[in-house]
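Please read them alongside the model.

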Amino acid sequence: MTPTRDLVLSHLRQQKVQLWLPPYHQRDADDDSDALRNLSQVLAERLSSSSEAPLKVDDIFSILSQLQSHALHKLKRHSVDIKILATKQHFANLSDDDGDDDDDVVFASWGDTVATIRNGNSKKSVTVIRVENISSTLTVDKLSSELCCALNATTSRVIFKGKHISEGNLRKIVSSNDGKEDQKKNELLCIVSGHGYVPPAPAAAATASSTEESTTDKTRTDEEIIDSIRSSASRIAYNRSGFEITDQNGNLVPMSQADSISLLTALGLHRIGRSKMEKGREVEDDGDKRNFLASALVFLLEADAEWQGSSTLGVWKSKVDNYGLLQLDIAWNYLLLRSLENLSDASRRLEIAETVLRKQVHSNFVTLALVNAEANNPIPPLCTIFVRLFLLQGVANKMRNCNDTAAERLEWARVLCQQLRVSCPPDRVEILCGAYCVEPSTAISALRKFNGDPDAAGNFIASLREDETRTAKRRKRQHNLGRCANNSDFVNLDLLQTLSDLLGFQGASNNTDDRQDDQSTSNMICSGLLRLTNNNMELSLALYNEIGAQGVLQRAGQLDKDTGICRPTIRKEFEVSDVDVASLVSMGVEEERGRNALRATGSVEDALNLLLKDDDNTCDSPGKKVNGNHINNGQGKLSHPDESGEGSLSSSANETDDCGDVNMVKNANDFLMEELGHALSNDSKGMLEKEWLGVDLKEEWELIEEYS
């Protein structure tokens, strides 16, 4: 440091001159050198007496310019543009009695200088607050709380550089740049939702009421659900049985427990995020829609962080489709929030997504689809996902001023979207929904699959329903038979039939409507063998030869006790005499009820006692009926919770409203294992088609019209 620079800097500190503030620096001025040159003239006169030689004004001006540039660069690292997404109703709370906005006053404690920039686009409810030299006491919690208080909102989610942040000192978060120089200004995205500010409870009060809230409030925060998913992923990864991952050739792929936890967590969080996006699409209220989208973005970004946090998982990014589809969903969520410009690496993410999608189709798939669409010919339904991809690429390029590429991709999206919408007009969708009692997405999917033919689409829906019923019955029967000795697998029904034939039995019944079939001796022996050997045919035959039928039944009975299975007793069906029926009818009993009771008991007295007992127990119990449903054929059938059929695990993932989130987290282990199976499925193209065929493309079409 030169003597002249020392003198200048010492004088500035003594006089507390701040070169980064007016009048020496005007934020909106193109040239603010006049004030700096005047200061140089003053300093040259005052400091010359302390110097061995007279000081030149130009030298001092150069020193002041360097000091000012350094100060502004340092200030930039501690400054941020806070973009607030909220409804007009939220922003109305910022207006004072005269109707003037007082954002600067409300948020003045956030930094040295707080200025508000109002977005002029009426389609966006956006306010940008520029904070220079962020206060060292400003935390993420304080920012969210003061923002919710000022806007009378319930929730504020904070996103910075494509990552959700829930805690920490904001000044440190904004200034940290991983050692990289970033010429772009720092931008913070705050998504506000809900109405009615609730101040945070004091720590002591929160502790005192925690027990009561846990029993009365079933609504879970995003952070609580994320923690539950991570905990379940850890339990699965550290379970002694654990899980093994194989490639398409059946070879085991090594993966550490930490990487297994990250993979499972990423898959689960991605699925929850997608489900919340779907909920946001279904609601009409803008505030509710923003709330779902904001929550979805939190889960999607947390899933992305899991992928990025493990170097080993980098190899898997190219092996499974999930990572590429996650990038597509993140970009789509930003666009729906009208904030794609806040995703600085949107183009990179969309390139990853396009690479994944192109692997699923022929190299000329897009070209042929565009040619057929322009000629009004049918196009493959899988084009649905490419509509969203091209739309996002068009908007992203438009924001980068790559107008030629943007126009091309938006036109591709428009041509494909228009042709796909032609195959499923609203009137045909409505007819199929009414005729087959299905959701619009199912009707749209069927119509696209058969190029708009309503008859073929209807037949397809009917066949799907039969398949679902058959699958539900098989799943129900597996639950009725019970888990295997490893307490994780169910009986393989295909092996059950094969084993029965090998043992020379008459054949294991495939009738899933009557639990009596599974209580027959032959079925009990076969299912018991498969349960005891964890579906190993060779061990089943060896065990039967070793201990015989009676030994198998005894061990299977002990397994029932160990796993808590209580099997209904099968009773003999008695012959019914018309005289006995007449006796019961003369006592005021309905004929059908009387016959069923006689089949179950064999005598008038016992039948009457059974009917009287049932009358007493069924007044307030809808599950215990005596109209023949539960004592039919003298079996005394009981109502079990699982007899309604086991819903698929994917359905629990889709139900992510307040109650659905809780139910899903309770079954998080099954939920995560199913998502792992989807991600590693060999039929990834089929899975992709199933998930995307039913998208109505309404949002896509509106956005294409807006940005074209």
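1. Rings of Phe, Tyr and Trp (its six-membered ring) are taken as a pair if their centres lie within 6.5 Å; planes under 30 degrees apart count as stacked, over 60 as edge-to-face and the rest as tilted. In this predicted model, a search of the whole structure gives six aromatic pairs.

2. One of these is Phe386 with Phe390: the ring centres are 5.9 Å apart and the planes stand at 45°, so the pair is tilted. Both residues belong to helix α16 (residues 383-399), where a spacing of four residues puts about one helical turn between Phe386 and Phe390. Phe386 and Phe390 are buried, and the relative accessibility of Phe390 is 0%.

3. Phe390 also pairs with Trp412, with 5.1 Å between the ring centres and 75° between the planes, so this pair is edge-to-face. Trp412 lies in helix α17 (residues 403-422) and Phe390 in α16, so the pair ties together parts 22 residues apart in sequence. Phe365, Phe386, Phe390 and Trp412 make up one aromatic cluster.

4. A ring and a charge meet elsewhere: the charged end of Arg37 sits over the ring of Phe61, at 4.1 Å from the ring centre.

5. On helix packing, α21 (residues 493-502) and α22 (residues 521-532) pack at an angle of about 120°, their axes being 9 Å apart. That angle makes α21 oblique to α22, and the crossing of α21 past α22 is right-handed. From α21, the contact is made by Leu495, Leu496, Leu499 and Ser500; from α22, by Asn523, Cys526, Ser527, Leu529 and Leu530.

Note on methods: Residues numbered from 1 in each chain as written. Predicted model: local features only at pLDDT ≥ 70, side-chain atom pairs only at ≥ 80, totals over all residues. Heavy atoms only, no water. Helix = DSSP H or I, 4+ residues; strand = E, 2+ residues; numbered from the N terminus. Buried < 20%, exposed > 50% of the residue type's maximum accessible area, 1.4 Å probe, protein only. Lys NZ or Arg CZ within 6 Å of the ring centre and 35° of its normal. Axes fitted to C-alpha atoms, helices over the stretch in contact; angles between N-to-C directions. Parallel < 35°, antiparallel > 145°, perpendicular 65-115°, else oblique. Left-handed = near helix turned anticlockwise from the far one by under 90°. Contact = heavy atoms within 4.5 Å.
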